[in-house]
Amino acid sequence: GGILLAAGCMERQKLLAAATILACLLFIKIYGFAAIALFGRYPRRALFGGYLLLCICIAGAFPLIVLSSDYLLQCYSDWWTVLCSVHYNVQCSVMGIAQSWLHIRVALDAWAACGMIVCLLPLTAFRLFRNVQFRQNMAASLLIGIVLFNRMAEAPTYLIAAAGLVILMQVTEKLSVVERLLAAACVLAG
């Protein structure tokens with residue numbers, strides 16, 4: 001929901017609001033980084049980047065109201081350690097399904113790298129980004145991609161992909177075979 005809210009703010013040129021939302025998202029889930037790549041293509045991206053850095057600094061320092069700086073740095077260090085060493089819950093992810101049903105083994109880092117390339121490759125189409133429908137398709141694809149290539153996806157995470165599919169169905173007159181398969185996969189997995 002936060003990515004959609006931030007996308008709406010970006011479309012309406014409310015850069016500070018979008019930056020605030022994304023900064024908050026970054027401290028909740030890492031999904032916000034994917035949205036930053038998308039929003040980096042919007043007009044006035046330098047101003048947005050400045051707002052985003054300011055909001056990240058404010059959100060990151062906000063706990064200093066009640067915590068010491070040493071304790072806050074230790075909390076962030078522990079958080080980073082958990083992110084780097086967590087045992088991935090691949091059971092509900094697309095990779096987990098491929099491993100358990102089809103006995104396909106792909107290194108999780110390679111899977112994530114492929115997902116990142118697939119999701120970010122369309123951002124190289126600079127001229128298309130001026131088109132509102134292209135930006136809407138990119139936002140929908142981003143929501144779908146962060147679930148499909150998420151190695152820690154759980155069943156409730158598929159609501160994010162479902163939201164992406166709803167957007168895609170609203171802005172696209174005719175769905176391709178791949179989009180129909182994605183819709184079926186989300187329905188079956190969710």
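**Exercise 1.** Is Ile 144 buried or exposed?

*Solution.* The model is a predicted one. Start with the place of the residue: Ile 144 lies in helix H8. Next, take its relative accessible area, which is 6%. The cut-off for buried is under 20%. Ile 144 is therefore buried. As a further step, look along the chain to Leu 168, 24 residues away from Ile 144. The C-alpha atoms of these two residues are 9.7 Å apart.

**Exercise 2.** Work out how helix H3 is oriented relative to helix H8, and which residues meet where they pack.

*Solution.* Step one is the geometry. H3 covers residues 32-39 and H8 covers residues 132-148. Their axes are 10 Å apart and form an angle of about 155°. Angles over 145 degrees count as roughly antiparallel, so H3 is roughly antiparallel to H8. The crossing of H3 with H8 is right-handed.

Step two is the contact. From H3 come Ala 34, Ala 35 and Leu 38. On the H8 side they meet Met 138, Ala 139, Leu 142 and Ile 146. Sorted by kind, the contact residues of H3 with H8 are seven nonpolar, no polar and no charged.

Methods: Residues numbered from 1 in each chain as written. Predicted model: local features only at pLDDT ≥ 70, side-chain atom pairs only at ≥ 80, totals over all residues. Heavy atoms only, no water. Axes fitted to C-alpha atoms, helices over the stretch in contact; angles between N-to-C directions. Helix = DSSP H or I, 4+ residues; strand = E, 2+ residues; numbered from the N terminus. Parallel < 35°, antiparallel > 145°, perpendicular 65-115°, else oblique. Left-handed = near helix turned anticlockwise from the far one by under 90°. Contact = heavy atoms within 4.5 Å. Nonpolar A, V, L, I, M, F, W, Y, C, P; charged D, E, K, R; others polar. Buried < 20%, exposed > 50% of the residue type's maximum accessible area, 1.4 Å probe, protein only.
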